[in-house]
Amino acid sequence: MLILSLDLSLNSTGYAVLSYEDEVLEIVEKGTINNHKVPTALVGKKLFNIEAQLNELFDRYQYFHSIVKEASFCTNRIKSTEKTFMVLGVVTEACFKNGYSDIKEYSATTVKKYIAGSGRSEKKEVKDNLKYFVGVQDYKTNDESDAVAVGITHLLQNGYRIKLRECAN
């Protein structure tokens, strides 16, 4: 079963395609939709890039059992919150156009609890614990590792068992 897991952001949306079978979890692909080089004023171009790259993933993999994301949240910075919800709108539309109407979401606190044991864990602790689920990986950005963590959380919260990996310290 394939899972598409997302960590949404206007400038750096992380994604992971995870494969789960017989209690074994593998990362098929992970990456970042990088909009850092697009000028700040070109929000529409950034949204277009996100949708286009998501559509490429849908074309490449044909079917996902689940699509999951970290829950969007509001901040006291109105412009930042507004842009986050623009990204959510584009992602929701891309998913719907590709036959997916249900995107599961998990709060950052829930992800931290499932991956690192406490909802107050630091981001580094969560990232370090991913190796027990998917082996040692090179994450180019925190957005990539966050996307992987959200996918693992989805599986665990829905009762799927994952064989843990032995990792040297």
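Helices H3 and H6 are roughly perpendicular to each other; angles of 65 to 115 degrees count as roughly perpendicular, under 35 as roughly parallel, over 145 as roughly antiparallel, and the rest as oblique. That is my starting point today. Before going on, some ground rules. This is a predicted model, where local features need pLDDT of at least 70, side-chain atom pairs count only at pLDDT 80 or more, and totals for chains, interfaces and linings use all residues. Residues are numbered from 1 along each chain as its sequence is written, and side-chain values use heavy atoms, with hydrogens and water left out.

Back to the two helices. Two packed helices are described by the angle between their axes and the distance between the axes. Here H3 covers residues 108–116 and H6 covers residues 142–157. Their angle is about 75 degrees, and their axes are 9 Å apart. An axis is a line fitted to C-alpha atoms, for helices over the stretch in contact, and angles run from 0 to 180 degrees between N-to-C directions. Helices (H or I, at least four residues) and strands (E, at least two) are DSSP runs, numbered from the N terminus.

Which residues of H3 and H6 make the contact? From H3 come Thr110, Val111, Tyr114 and Ile115. From H6 come Ala149, Val150, Ile152, Thr153, Leu156 and Gln157. Contact means heavy atoms within 4.5 Å. Seven of these residues are nonpolar, three are polar and none is charged. For that count, Ala, Val, Leu, Ile, Met, Phe, Trp, Tyr, Cys and Pro are nonpolar; Asp, Glu, Lys and Arg are charged; the others, Gly among them, are polar.

Stay on H6 for one more residue. His154 is found in this helix. Is His154 buried or exposed? It counts as buried, at 4% relative accessibility. Buried means under 20% relative accessible area, exposed means over 50%, and partly exposed is in between (1.4 Å probe, protein chains only). Leaving out residues up to four places away in sequence, His154 touches Ile3, Ser66, Val68, Lys104 and Tyr106. With Tyr106 there is also a polar contact of 2.6 Å between the side chains. A polar contact is a pair of N or O atoms within 3.5 Å; within protein, one must be able to donate a hydrogen and the other to accept it, and residues adjacent in sequence count only if both atoms are side-chain atoms.

In soluble globular proteins, nonpolar side chains tend to be buried together.

Val90 lies in helix H2. It is buried, at 13% relative accessibility. Beyond its neighbours within four places in sequence, Val90 is in contact with Leu47 and Glu51. Val90 and Glu51 are 39 residues apart along the chain, yet their C-alpha atoms are separated by 6.3 Å.

Now the loop between strand S3 (24–34) and helix H1 (43–61). Val38 is buried, with a relative accessible area of 13%. Asn35 is buried too, at 0%. Setting aside neighbours within four places in sequence, Val38 is in contact with Lys45, Lys46 and Asn49. On the same terms, Asn35 is in contact with Leu10, Asn11, Lys46, Asn49 and Ile50. The side chain of Asn35 reaches the backbone oxygen of Lys46 at 3.1 Å.

Last, two residues with a positive phi. Glu23 has phi near 70 degrees, and it is not a glycine. It is found in the loop between S2 and S3, and is partly exposed at 27%. Gln62, also not a glycine, has a phi of about 65 degrees. It is in the loop between H1 and strand S4 (66–70). Gln62 is exposed, with a relative accessible area of 63%.
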